[in-house]
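Please keep the structure open beside them as you go.

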Amino acid sequence: FINPMSVISFSPRLPGPLHNKENQNHAAAIISERRRWDGRRSPDTGKDKTINKVGWQAQEYIAARPTYPFELFEFIASKTPSHDLAWDVGTGSGQAIPPLANIYGKVIGTDTSPTQLEFAPKLPNVDYIVTPPSMSIDDLQQKIGMSPSTSDLVTVGAALHWLDLHNFYPQVKWALKKPNGLIAAWCYTPMPKVDEEVDAIFAPFYRSSGPYWEDCIKLVDDKYRSIEFPFGPVDGLDYTGPFEFVAQKVMKLEDYLTYIRSWSAYNTA
(Lines give C-alpha, C1' and ligand atoms only; values in the text may rest on other atoms or scores of the structure.)
Protein backbone atom coordinates (compact mmCIF):
# COMPACT_ATOMS: atom_id res chain seq x y z
CA PHE A 1 0.00 0.00 0.00
CA ILE A 2 1.69 3.20 -1.13
CA ASN A 3 0.40 6.72 -0.70
CA PRO A 4 2.42 9.39 -2.51
CA MET A 5 2.86 12.48 -0.34
CA SER A 6 3.42 16.12 -1.24
CA VAL A 7 5.06 18.56 1.14
CA ILE A 8 5.43 22.33 0.96
CA SER A 9 7.83 24.24 3.19
CA PHE A 10 8.20 27.93 3.96
CA SER A 11 9.70 30.46 6.31
CA PRO A 12 8.29 33.94 6.87
CA ARG A 13 10.47 34.80 3.88
CA LEU A 14 10.19 31.64 1.78
CA PRO A 15 7.84 28.48 0.86
CA GLY A 16 8.39 24.79 -0.46
CA PRO A 17 6.73 21.20 -0.85
CA LEU A 18 7.73 17.47 -0.44
CA HIS A 19 6.44 14.09 -1.79
CA ASN A 20 6.54 10.42 -0.61
CA LYS A 21 5.16 7.10 -1.89
CA GLU A 22 4.36 0.52 -0.64
CA ASN A 23 0.91 0.51 -0.31
CA GLN A 24 1.73 4.19 -1.23
CA ASN A 25 -0.10 7.35 -0.32
CA HIS A 26 0.74 10.69 -1.86
CA ALA A 27 1.06 13.49 0.64
CA ALA A 28 1.72 17.20 0.25
CA ALA A 29 3.26 19.45 2.86
CA ILE A 30 3.82 23.16 3.18
CA ILE A 31 6.04 25.03 5.62
CA SER A 32 5.01 28.63 6.32
CA GLU A 33 3.95 30.94 9.11
CA ARG A 34 1.37 29.93 11.69
CA ARG A 35 -2.30 30.81 11.31
CA ARG A 36 -5.14 31.63 13.62
CA TRP A 37 -7.63 28.96 12.56
CA ASP A 38 -7.50 25.45 13.93
CA GLY A 39 -10.98 24.62 12.72
CA ARG A 40 -11.51 22.96 9.36
CA ARG A 41 -13.47 24.94 6.82
CA SER A 42 -14.08 24.93 3.13
CA PRO A 43 -11.75 27.47 1.49
CA ASP A 44 -14.20 27.67 -1.43
CA THR A 45 -17.24 28.87 0.51
CA GLY A 46 -15.85 30.16 3.79
CA LYS A 47 -18.65 28.28 5.53
CA ASP A 48 -17.92 26.08 8.49
CA LYS A 49 -17.31 22.53 7.29
CA THR A 50 -16.03 20.99 10.49
CA ILE A 51 -15.04 17.39 9.92
CA ASN A 52 -17.13 14.96 11.91
CA LYS A 53 -14.37 12.54 12.76
CA VAL A 54 -16.42 11.54 15.77
CA GLY A 55 -18.72 9.75 13.33
CA TRP A 56 -15.82 7.72 12.09
CA GLN A 57 -14.56 5.10 14.49
CA ALA A 58 -11.52 6.84 15.91
CA GLN A 59 -9.62 3.62 16.54
CA GLU A 60 -10.27 2.43 13.01
CA TYR A 61 -9.16 5.78 11.69
CA ILE A 62 -5.85 5.45 13.50
CA ALA A 63 -5.33 1.87 12.30
CA ALA A 64 -6.26 2.63 8.71
CA ARG A 65 -4.32 5.79 8.02
CA PRO A 66 -0.72 5.74 6.76
CA THR A 67 2.19 6.65 9.01
CA TYR A 68 4.18 9.65 7.86
CA PRO A 69 7.79 8.80 6.96
CA PHE A 70 10.42 9.97 9.43
CA GLU A 71 12.38 11.44 6.52
CA LEU A 72 9.64 14.04 6.21
CA PHE A 73 10.26 15.30 9.73
CA GLU A 74 14.03 15.16 9.35
CA PHE A 75 13.68 17.36 6.28
CA ILE A 76 11.45 19.86 8.08
CA ALA A 77 13.60 19.96 11.21
CA SER A 78 16.71 20.60 9.14
CA LYS A 79 15.15 23.92 8.10
CA THR A 80 14.44 25.21 11.62
CA PRO A 81 17.58 26.51 13.38
CA SER A 82 16.05 25.98 16.83
CA HIS A 83 13.79 23.17 18.04
CA ASP A 84 12.01 24.63 21.04
CA LEU A 85 8.33 24.73 20.08
CA ALA A 86 6.18 23.13 17.37
CA TRP A 87 2.43 23.65 16.88
CA ASP A 88 0.54 20.87 15.09
CA VAL A 89 -2.75 22.19 13.71
CA GLY A 90 -5.54 19.70 13.04
CA THR A 91 -3.74 17.05 15.08
CA GLY A 92 -6.56 14.50 14.88
CA SER A 93 -5.39 11.29 16.54
CA GLY A 94 -1.79 12.48 16.53
CA GLN A 95 -0.10 10.78 13.58
CA ALA A 96 2.50 13.57 13.40
CA ILE A 97 3.02 13.94 17.15
CA PRO A 98 5.65 11.25 18.04
CA PRO A 99 8.25 12.35 15.46
CA LEU A 100 7.65 16.02 16.30
CA ALA A 101 7.98 15.34 20.03
CA ASN A 102 11.23 13.47 19.38
CA ILE A 103 12.72 16.58 17.77
CA TYR A 104 11.10 19.61 19.42
CA GLY A 105 11.28 20.42 23.12
CA LYS A 106 7.56 21.18 23.38
CA VAL A 107 4.70 20.33 21.03
CA ILE A 108 1.17 21.70 21.10
CA GLY A 109 -1.45 19.67 19.23
CA THR A 110 -4.81 21.31 18.54
CA ASP A 111 -7.98 19.95 16.98
CA THR A 112 -11.72 20.61 16.98
CA SER A 113 -12.48 16.96 17.83
CA PRO A 114 -12.05 15.93 21.49
CA THR A 115 -12.74 12.31 20.50
CA GLN A 116 -9.78 12.20 18.13
CA LEU A 117 -7.49 13.84 20.68
CA GLU A 118 -8.42 11.16 23.23
CA PHE A 119 -6.62 8.63 21.02
CA ALA A 120 -3.55 10.79 20.39
CA PRO A 121 -0.33 9.48 21.98
CA LYS A 122 0.31 10.83 25.47
CA LEU A 123 3.87 12.15 25.72
CA PRO A 124 5.45 14.26 28.47
CA ASN A 125 6.36 17.19 26.22
CA VAL A 126 3.04 17.33 24.34
CA ASP A 127 -0.07 19.32 25.24
CA TYR A 128 -3.39 18.71 23.46
CA ILE A 129 -6.01 21.44 23.29
CA VAL A 130 -9.53 21.29 21.86
CA THR A 131 -10.23 24.44 19.87
CA PRO A 132 -13.30 25.95 18.18
CA PRO A 133 -13.49 26.13 14.37
CA SER A 134 -12.41 29.77 14.44
CA MET A 135 -10.20 31.71 16.81
CA SER A 136 -8.84 35.21 17.24
CA ILE A 137 -5.29 36.02 18.21
CA ASP A 138 -6.61 36.67 21.71
CA ASP A 139 -7.93 33.09 21.67
CA LEU A 140 -4.50 31.84 20.65
CA GLN A 141 -3.02 33.55 23.65
CA GLN A 142 -5.74 32.65 26.15
CA LYS A 143 -6.82 29.16 25.03
CA ILE A 144 -3.50 27.83 23.75
CA GLY A 145 -1.04 29.99 25.66
CA MET A 146 0.69 31.04 22.48
CA SER A 147 2.81 34.20 22.37
CA PRO A 148 3.83 36.12 19.26
CA SER A 149 7.01 35.08 17.45
CA THR A 150 7.63 32.03 19.66
CA SER A 151 6.90 28.98 17.50
CA ASP A 152 9.76 27.42 15.53
CA LEU A 153 7.37 25.35 13.46
CA VAL A 154 3.71 25.09 12.52
CA THR A 155 2.64 21.79 10.95
CA VAL A 156 -0.64 20.93 9.24
CA GLY A 157 -0.85 17.26 8.34
CA ALA A 158 -3.55 16.39 5.79
CA ALA A 159 -5.72 19.29 6.96
CA LEU A 160 -4.65 22.50 5.22
CA HIS A 161 -7.33 22.13 2.55
CA TRP A 162 -10.03 22.23 5.25
CA LEU A 163 -8.91 25.57 6.64
CA ASP A 164 -10.02 29.11 5.94
CA LEU A 165 -6.61 30.13 4.64
CA HIS A 166 -7.32 33.85 4.53
CA ASN A 167 -7.75 33.76 8.29
CA PHE A 168 -5.22 31.05 9.02
CA TYR A 169 -2.13 32.52 7.38
CA PRO A 170 -2.12 35.79 9.39
CA GLN A 171 -2.26 33.64 12.53
CA VAL A 172 0.74 31.67 11.33
CA LYS A 173 2.70 34.86 10.75
CA TRP A 174 1.82 36.10 14.21
CA ALA A 175 2.97 32.93 16.00
CA LEU A 176 6.11 31.98 14.06
CA LYS A 177 9.55 33.13 15.05
CA LYS A 178 11.04 35.75 12.80
CA PRO A 179 12.89 35.35 10.59
CA ASN A 180 13.38 31.57 10.89
CA GLY A 181 9.96 30.17 11.79
CA LEU A 182 8.52 27.63 9.35
CA ILE A 183 5.13 26.31 8.35
CA ALA A 184 5.03 22.80 6.89
CA ALA A 185 1.83 21.32 5.45
CA TRP A 186 1.37 17.99 3.71
CA CYS A 187 -1.34 15.78 2.30
CA TYR A 188 -1.71 12.35 0.74
CA THR A 189 -4.12 11.45 -2.02
CA PRO A 190 -7.11 9.38 -0.86
CA MET A 191 -6.50 6.62 -3.41
CA PRO A 192 -3.34 4.66 -2.53
CA LYS A 193 -1.34 2.62 -5.01
CA VAL A 194 -1.12 -1.15 -4.50
CA ASP A 195 -0.48 -2.84 -7.84
CA GLU A 196 -1.94 -2.68 -11.34
CA GLU A 197 -4.72 -5.21 -10.67
CA VAL A 198 -5.96 -3.65 -7.44
CA ASP A 199 -5.55 -0.09 -8.70
CA ALA A 200 -7.56 -0.93 -11.84
CA ILE A 201 -10.50 -1.90 -9.61
CA PHE A 202 -10.38 0.85 -7.03
CA ALA A 203 -9.41 3.84 -9.19
CA PRO A 204 -12.85 3.88 -10.92
CA PHE A 205 -14.47 3.42 -7.51
CA TYR A 206 -12.65 6.48 -6.21
CA ARG A 207 -13.72 8.53 -9.22
CA SER A 208 -17.34 7.50 -8.66
CA SER A 209 -17.13 8.77 -5.07
CA GLY A 210 -16.58 12.34 -6.29
CA PRO A 211 -20.07 13.68 -5.46
CA TYR A 212 -19.62 12.75 -1.80
CA TRP A 213 -16.37 14.65 -1.26
CA GLU A 214 -16.09 18.29 -0.27
CA ASP A 215 -14.91 20.54 -3.09
CA CYS A 216 -11.64 21.18 -1.25
CA ILE A 217 -10.54 17.56 -1.84
CA LYS A 218 -9.58 18.71 -5.34
CA LEU A 219 -6.62 20.46 -3.72
CA VAL A 220 -5.50 17.07 -2.37
CA ASP A 221 -5.99 15.34 -5.71
CA ASP A 222 -3.72 18.04 -7.11
CA LYS A 223 -1.20 17.28 -4.35
CA TYR A 224 -1.39 20.87 -3.06
CA ARG A 225 0.10 22.25 -6.26
CA SER A 226 -2.79 24.69 -6.64
CA ILE A 227 -3.40 25.54 -2.98
CA GLU A 228 -2.94 29.14 -1.92
CA PHE A 229 0.43 29.46 -0.24
CA PRO A 230 1.69 33.04 -0.03
CA PHE A 231 5.18 32.33 1.27
CA GLY A 232 8.65 32.09 -0.17
CA PRO A 233 11.01 29.09 -0.11
CA VAL A 234 13.17 28.32 2.90
CA ASP A 235 16.91 28.82 2.85
CA GLY A 236 18.68 26.34 0.62
CA LEU A 237 15.61 25.63 -1.56
CA ASP A 238 14.68 27.23 -4.86
CA TYR A 239 10.94 26.71 -4.56
CA THR A 240 8.28 25.87 -2.00
CA GLY A 241 7.29 22.50 -3.35
CA PRO A 242 5.58 20.22 -3.33
CA PHE A 243 8.36 17.80 -2.48
CA GLU A 244 7.64 14.10 -2.67
CA PHE A 245 7.99 11.40 -0.02
CA VAL A 246 6.60 7.88 0.17
CA ALA A 247 4.45 6.47 2.96
CA GLN A 248 4.29 2.66 2.93
CA LYS A 249 2.00 0.35 4.87
CA VAL A 250 1.37 -3.39 4.74
CA MET A 251 -2.36 -4.11 4.63
CA LYS A 252 -4.73 -7.05 4.37
CA LEU A 253 -7.85 -6.61 2.26
CA GLU A 254 -9.96 -5.79 5.32
CA ASP A 255 -7.41 -3.17 6.37
CA TYR A 256 -7.69 -1.62 2.92
CA LEU A 257 -11.47 -1.52 3.18
CA THR A 258 -11.20 0.02 6.64
CA TYR A 259 -9.05 2.74 5.11
CA ILE A 260 -11.79 3.45 2.55
CA ARG A 261 -14.38 3.53 5.33
CA SER A 262 -12.31 6.27 6.99
CA TRP A 263 -12.90 8.59 4.02
CA SER A 264 -15.12 11.56 4.77
CA ALA A 265 -16.89 10.76 1.48
CA TYR A 266 -17.79 7.28 2.77
CA ASN A 267 -19.17 8.84 5.93
CA THR A 268 -21.22 11.30 3.85
CA ALA A 269 -22.59 8.64 1.52
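1. The place to begin is a network of salt bridges that links D84, D152 and K177. Please bear in mind throughout that the model is predicted.

2. Because D84 lies in the loop between α2 and β5, while K177 lies in the loop between α6 and β9, the pair ties together parts that are 93 residues apart in sequence. D84 counts as partly exposed, since its relative accessibility is 47%.

3. K177 also forms a salt bridge with D152, and here the closest N and O atoms are 2.8 Å apart. D152 lies in the loop between α5 and β8, so this pair ties together parts that are 25 residues apart in sequence. With a relative accessible area of 2%, D152 is buried, because the cut-off for that word is under 20%.

4. The structure holds four salt bridges, and another of them joins the side chains of K106 and D127 at 2.4 Å, N to O. This pair links strand β6, which holds K106, to strand β7, which holds D127, across 21 residues. K106 is partly exposed at 33% relative accessibility, and D127 is partly exposed at 34%.

5. Is D164 buried or exposed? D164 lies in the loop between β8 and α6, and it counts as buried because its relative accessibility is 11%. Its side chain makes a polar contact of 2.5 Å with that of N167.

Key
Residues numbered from 1 in each chain as written. Predicted model: local features only at pLDDT ≥ 70, side-chain atom pairs only at ≥ 80, totals over all residues. Heavy atoms only, no water. Helix = DSSP H or I, 4+ residues; strand = E, 2+ residues; numbered from the N terminus. Buried < 20%, exposed > 50% of the residue type's maximum accessible area, 1.4 Å probe, protein only. Polar contact = N/O pair within 3.5 Å; in protein donor to acceptor, adjacent residues only side chain to side chain.
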